[in-house]
Amino acid sequence: MMDDKTFALVTGASGGLGRELSEELARRGYNLILTGTSHRVELFAEELRKRHNVDIIARIANLTNREEILRLTSEINDNYDLFMLVNNAGTGGSQSFEKVSSEYLENIIDLNVRATTLLTHELLPNLKRQKRGYILNIGSMAAHNPTAYKTVYPASKAFIWSFSLGLREELKGTSVSVSIASPGAMATSPEITARIERQGFWGKATLKKTSAIAQKCIRQTLKGKRHIVINPLSLTLTCLLPDCIRVPILSSIVKKEL
Ligand SMILES: NC(=O)c1ccc[n+]([C@@H]2O[C@H](COP(=O)([O-])OP(=O)(O)OC[C@H]3O[C@@H](n4cnc5c(N)ncnc54)[C@H](OP(=O)(O)O)[C@@H]3O)[C@@H](O)[C@H]2O)c1
């Protein structure tokens with residue numbers, strides 16, 4: 001364990017993968033700053049505090065809002081030493097590009113792309129002040145798979161992939177390492193579970209337990225691993241199949257979700 005006055009920030013900690021990542025960090029004895037958009041994050045922090053002997057701070061912040069991001073990052077920079085930033089909060093879905101509202105599309109870009117970039121930019125000086133610093137960006141297998149009816153979501157995760165590898169290279173030789181995790185389907189909410197069910201065999205075949213994914217993410221981040229691969233088989237197929245074959249196949253699977 002690090003100096004017990006340092007903290008790890010987990011965004012989107014109130015549910016899904018963020019909750020499991022927070023659980024794993026607390027289990028390892030790390031102090032946490034958790035964010036979510038509702039009181040759910042405060043209730044989870046309370047529950048976690050009872051089970052683990054660590055400091056846990058919960059903050060409600062809508063990370064699609066620039067001012068709320070800057071308020072959160074200045075509070076952290078003014079009051080806490082941060083050794084890990086976990087950019088987990090993210091959103092997406094399967095919808096026809098033509099039929100969704102522009103707000104729906106902007107929400108994906110604002111949370112997945114802009115919030116990750118801004119949080120990292122504002123908190124990097126704090127991470128660099130520590131003996132060792134870690135950034136874990138939660139990407140997706142989707143980053144490598146352009147898909148119809150998802151369009152903006154895979155594109156946002158392709159940004160995270162490129163951003164993570166570029167920043168990792170830029171920070172080479174410093175105390176901060178950047179890791180990117182590429183999970184496939186995770187049954188993190190009833191809506192996503194129903195979506196995976198509708199994908200049929202392929203969706204269910206690639207499904208992994210969220211707690212096991214979280215444990216792997218934290219273990220490999222602390223080892224400074226570049227790319228945290230969750231579904232090696234899917235990734236290998238992705239690399240082997242050319243776009244002209246892969247994109248139509250995946251798109252037809254996603255179409256079944258609609
Ligand atoms: N689930 C999958 O199949 C899957 C697959 C690959 C990658 N991923 C990626 O894994 C990460 C976690 O996914 P998940 O399925 O665990 O998500 P989730 O269950 O939908 O949870 C999303 C978390 O993000 C928070 N959040 C949502 N909108 C927000 C906003 N505007 N500002 C701040 N926080 C916000 C939510 O907080 P509140 O609940 O308080 O609103 C919640 O804690 C995401 O980056 C996702 O893209 C997921």
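## A right-handed unit

Which right-handed unit do β4, α4 and β5 make? They make a β-α-β unit. Right-handed has a set sense: with the strands pointing away from the viewer, the path from the first strand over the helix to the second runs clockwise. Helices (H or I, at least four residues) and strands (E, at least two) are DSSP runs, numbered from the N terminus.

This is a predicted model: local features need pLDDT of at least 70, side-chain atom pairs count only at pLDDT 80 or more, and totals for chains, interfaces and linings use all residues. Residues are numbered from 1 along each chain as its sequence is written.

## The sheet

Seven strands form an open sheet. Their order is β3-β2-β1-β4-β5-β6-β7, and the pairing is parallel. Two strands pair if DSSP finds at least two bridges between them. β3 (56-60) and β7 are the edge strands, each pairing on one side only. Direction ignored, neighbouring strands are turned by 20° against each other on average. Axes here are lines fitted to C-alpha atoms, for helices over the stretch in contact, and angles run from 0 to 180 degrees between N-to-C directions.

Helices lie against this sheet. Helix α2 (residues 40-51) lies across β2 (31-36) and β3. Its direction runs at about 175° to β3. Helix α4 packs on the sheet too, where α4 touches β4, β5 and β6. The direction of α4 makes about 155° with that of β4.

Strand β4 covers residues 81-87. Six of its seven residues are buried, so β4 is mostly covered. A residue is buried if 20 or more other C-beta atoms lie within 10 Å of its own, exposed if 12 or fewer, and partly exposed in between; C-beta atoms are placed from the backbone. Phe 83 belongs to β4. Phe 83 counts as buried because 24 C-beta neighbours lie inside 10 Å. Phe 83 and Thr 6 are 77 residues apart in sequence, yet 6.0 Å apart in space, C-alpha to C-alpha.

β4 pairs with β1 (residues 6-10) in the parallel sense over five bridges. Leu 9 has Leu 85 of β4 as its bridge partner. β4 is also joined to β5 by four bridges, again in parallel. Here Met 84 has Tyr 134 of β5 as its bridge partner. Val 86 stands opposite Leu 136 in β5.

## Strand β6, covered on both faces

How many residues of β6 are buried? Seven of its seven are, across residues 176-182. In a regular strand the side chains alternate between the two faces of the sheet. On one side of β6 stand Val 176, Val 178, Ile 180 and Ser 182. On the other stand Ser 177, Ser 179 and Ala 181. Both faces are covered.

Six bridges join β5 (residues 133-138) to β6, and the two run parallel. Tyr 134 has Ser 177 of β6 as its bridge partner. The chain crosses from β5 through helix α5 (residues 152-170) to β6, and this β-α-β crossover is right-handed. β6 also pairs with β7 (residues 227-229), in the parallel sense, over three bridges. There, Ile 180 has His 227 of β7 as its bridge partner.

## Two helices side by side

Two packed helices are described by the angle between their axes and the distance between the axes. The axes of α4 (residues 102-129) and α5 come within 9 Å and cross at roughly 10°. That makes α4 roughly parallel to α5. Angles under 35 degrees count as roughly parallel, over 145 as roughly antiparallel, 65 to 115 as roughly perpendicular and the rest as oblique.

From α4, the contact uses Leu 105, Ile 108, Ile 109, Asn 112, Val 113, Thr 116 and Thr 117. From α5, the contact uses Val 152, Tyr 153, Ser 156, Lys 157, Phe 159, Ile 160 and Phe 163. Two residues are in contact if their C-beta atoms, placed from the backbone, lie within 7 Å. The residues of this contact divide into nine nonpolar, four polar and one charged. Ala, Val, Leu, Ile, Met, Phe, Trp, Tyr, Cys and Pro count as nonpolar, Asp, Glu, Lys and Arg as charged, and the others, Gly among them, as polar.

Tyr 149 is found in the loop between β5 and α5. Tyr 149 has a positive phi of about 65° although it is not a glycine. Is Tyr 149 buried or exposed? Tyr 149 counts as buried, because it has 20 C-beta neighbours inside 10 Å.

Thr 151 is found in the loop between β5 and α5. Its phi is positive, about 35°, although Thr 151 is not a glycine. Thr 151 is partly exposed, with 19 other C-beta atoms within 10 Å.
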